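Take a look at the structure below.

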Amino acid sequence: MSAGVKDTERRRLEAVAMTEGPLDVSRLVPLLGDEDWRVRKQAAEAASRAILAPEVRAALVAGLLQPDDVGLRNAALEAFVSAPPIAAPTVYLTLREALDAARPTARKFVAAALVGAGADALDVLASLSRDPDAMTASAALEALASLARRGVDPYGIERSFTRALERSEPVLQLSALDGLVAMDASVDVAILEPLLAAPLFRAPALRLLARARTASSDGGAPDPVSLCLLARLPGASDPVEVALVLARRRESQLASASSATRDEETSARVVAGLAALDDATIAKLGEAIEARPPSEARLLARLALDAREHRLLPAIVRLGVRIDLDAGSRRALAALGSPAIEALLDIARAQIDADALAAAWALEAASGLLAFDERAPLEQRARWRARVVLIARQLLATGLERAALVACAALGRWGDAEDAALIARHTDDHGEVYEDVAAIAVEQLAARYPSLALASTPLRVGRRPLSSQTMRRVHDLRGALTSDDPMVRARAIDDVRAIAAEDDLELITLALTDGDERVETAALRALTRLRDPRLAASAIDAVIVASSSDRPAVRAEAVRSASLLGAFARPDAASVLLAALSDPSTQVVIAALRALRSAQPSPALDDALDAMLAHPEAEVVKEAMGALPGDRAVERALTALEHPHWSVRSRAAEVLGQSLSRTSALSPEWRERARVGLTSRLAGEADELVLRAIRGALEGAG
Amino acid sequence: MRRDEFRLLRDLVNRRSGMHFDEASLFVFERRLRERLKHVGVSDFSAYYQYLCFHPRSAEEMDEAIDALVTNETYFFREDYQLRAFSGEILPRLHEQAKSANRRRIVVWSAGCSTGEEVYSLAILLLESRLFDGWDVRVFGNDISKRVLQIARRGIYPPHSFRAMPATYDAYFQPDSSVIRGGRRVDDRVRSLCQFGNFNLLERGRSAIIGRVDAIFCRNVLIYFDPASRKSVIDTFYERLLPGGYLMLGHSESLLNVSTAFELAHLSSDMVYRRPTSALSLPPVAPREKT
């Protein structure tokens, strides 16, 4: 094809892609395999936008699975990966089918494409990350890393990466480490420590080590505080001096591998020769943070924060009042996450009368952590919020401007409607800076409590009337929801990035009665983007109602949403989960099985899982096996080793392998039964893939 | 349609929707469902019954069947005497009630809203009253039929939908012949107050999603329900209404033998039901003197 013809072709394609209405699929499909990469790229974009059309998906799957044309495969892959969020469930179902049809060597491409299915793909990717084929598993891990960057279920993805660290293939271990580093994950020290020995893994492992958590159960793992803070360097005995030496030599910055690995030998020595800090040492370090000159105090504070040493927080708070912390310390403070919130709030409460500025500093830090770390359960977050509000109200009354500014910001973010008047009342006590901060805080409150913006006598902060901007957002969503086009309504809901206001929640929950499956599932997905813990109970109630919809897709989405909202920790929601497990739709059953991860284990659930072993769908049996860990799970996996479908037997071997791994909490008796079961199956198994899975499980157990 | 086929279909519709049809409805069933037979490709009503029971698309088809059986005819400002009472007497009371509860929000539910004319009529009355300027105002309409909700959401109506509407409300509509010749489109000011939902009034859980409301209009809907279903729907209304909230039924409908939880409120041109409250400090509604 000449350049001129090709340009014409591209222009045509562009025209096809930009045209409203149905796409000419017969013209588009050949262009996915065009010899010119620019044409392929543009075709992939057009195909991605039209991915809801079955014939487009069929062409993309064919392109993805064919063995010869790399350009076509990449175009198909790109189209799947860039699929719009609304198409995610469809992309998931398509690729799930494609996975079963794929040649063994093509499964990795399907794994990579599953990124386009978003959160729906999480479980299948987690499963593929345990695939016997290292390339498929590696592709799945990379796909999971992409999903993590999109903010999808960090907990689940972190688990998959951690599990992959136990594999023997370096490529997988490296992929997993890279993924964990990118997520700034907190991994057990016991898992990381052995990896330090291999030069290939040392850099990422060290980087993770500084954010590591200890295994609380057996007490055998070293404390990261010890690892990072109290290195017994030759010739140093005073912990403060040791800490300063470490800080100066940048060994404290195990948090950033680049600096730590410049001196790998020392770092390894740090890791090897540590002991836990006692309270006396902590007290000594605390005194030093408060008494030393700013440069040294900053270094020590940074060291303590890198080490996640909460016992030194009071000293760091008082230092923060005295001098500005350096940028690294501020980042390390933010990285402390929700475990530090309680400690900071205790400090704030204790300091209100004695040192209001220290209280303000601690409250600001706690409020920041509460805003950006969403890993804590919603109920816990609601309790913290209430404490933040209470302390902020007290701080506002102290009359100190700096404290008032912090209190204003915290109340704007977490306060109740009546706090707007409280904030406005203090305008005369302070200067213009307070007026600025107060105006922003009241706007934030008005966004959550529309009555403030709609009041017949609108609230004023100083001379400033409240803007109507906060109400516009709600009105925009409302306007879109009145559309007669369900795609517009669904898209409007999908565009709601976070539900932080009661008004938004109400609009979204009403959409659960829309009648259109796309709108209702979009609403269920949106509910999982809840940002205000106070709204959780209402959202869960609505999701539970939706779980009885007559449409399987809505029921399945409701179960997923309920799980993400933490509903299954509620006793009244357990029946919903049990009902979903016996749903006639496989889609709902699988969603329920995946939701079991967030459920409280119970004999009823275990009984339901036992019954699932007889389910006609192999996919259901596989999900059921890994759903709830424990002795009964091993029993189920042992039974499933005899299942007629090879993929079930393979999965059973994986489950048993996981239960035999050294991080498993399985009893010795069941551990032995798992080993015996796998060994005896080894003799009778004919399928090569299952045999590999069994051997892998037994090797992993040592 | 044989009588046994009619009974099977009638009972199935009753079980799924709560709607009740007596023996005399056989011909209505036959006439209105015959089209559906052709549509789903079955030859007789027995096969259609099997389809409704067991086909993977049975839920969707049941929606269609119910839609065919129900009369969805409505128009703007229907039964205007009641709307006048709502506007002139009930809205001021609801305004006072909300203010005394420190609420700046009013929600009205049109239960069984059909093609949406009632929802928009109520929204217009709320705007016209000027009592709720700057308040959070919502009118929610629900119906069991997706088809009628599609029309409601479109918001474009033919000329005969306006046959009872006073000309003073013309400003709330714009000419729009895009889908209907001589059609008129509901203004965005009105539409933005309205939202629609698809569910059966017997689905208590889904009704709960609406939250608490100040007034419910359920006119010419209860006639389709059997006594048990009617009782259930009225109980739902009671639960959804805020204390002091009003329930408006069609002119031929009453709560006689259905529920004693509501109290009767006598207005100048109508009688409506109200959820009682002891906490309200409003003057009681004076009973009409007997003549």
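A residue is called buried when its relative accessible area is under 20%, exposed when it is over 50%, and partly exposed in between (1.4 Å probe, protein chains only). Helices (H or I, at least four residues) and strands (E, at least two) are DSSP runs, numbered from the N terminus. This is a predicted model, in which local features need pLDDT of at least 70, side-chain atom pairs count only at pLDDT 80 or more, and totals for chains, interfaces and linings use all residues. Residues are numbered from 1 along each chain as its sequence is written, chains are lettered from A in the order in which they are written, and side-chain values use heavy atoms, without hydrogens and water.

Begin with strand S1 of chain B, residues 105-111. Six of its seven residues are buried. S1(B) runs parallel to strand S2 (residues 136-143) of chain B, and seven bridges join them. Two strands pair if DSSP finds at least two bridges between them. B:Ser110 has B:Gly141 as its bridge partner in S2(B). On the other pairing, three bridges join S1(B) to the parallel strand S7 (residues 213-218) of chain B. There, B:Val108 stands opposite B:Ala215.

Now turn to the meeting of chains. Chain B brings 26 residues to the contact and chain A brings 25, where contact means heavy atoms within 4.5 Å. Four salt bridges are counted between the two chains; each is a side-chain nitrogen of Lys or Arg within 4 Å of a carboxyl oxygen of Asp or Glu. A:Glu506 and B:Arg105 form a salt bridge, with their closest N and O atoms 2.2 Å apart.
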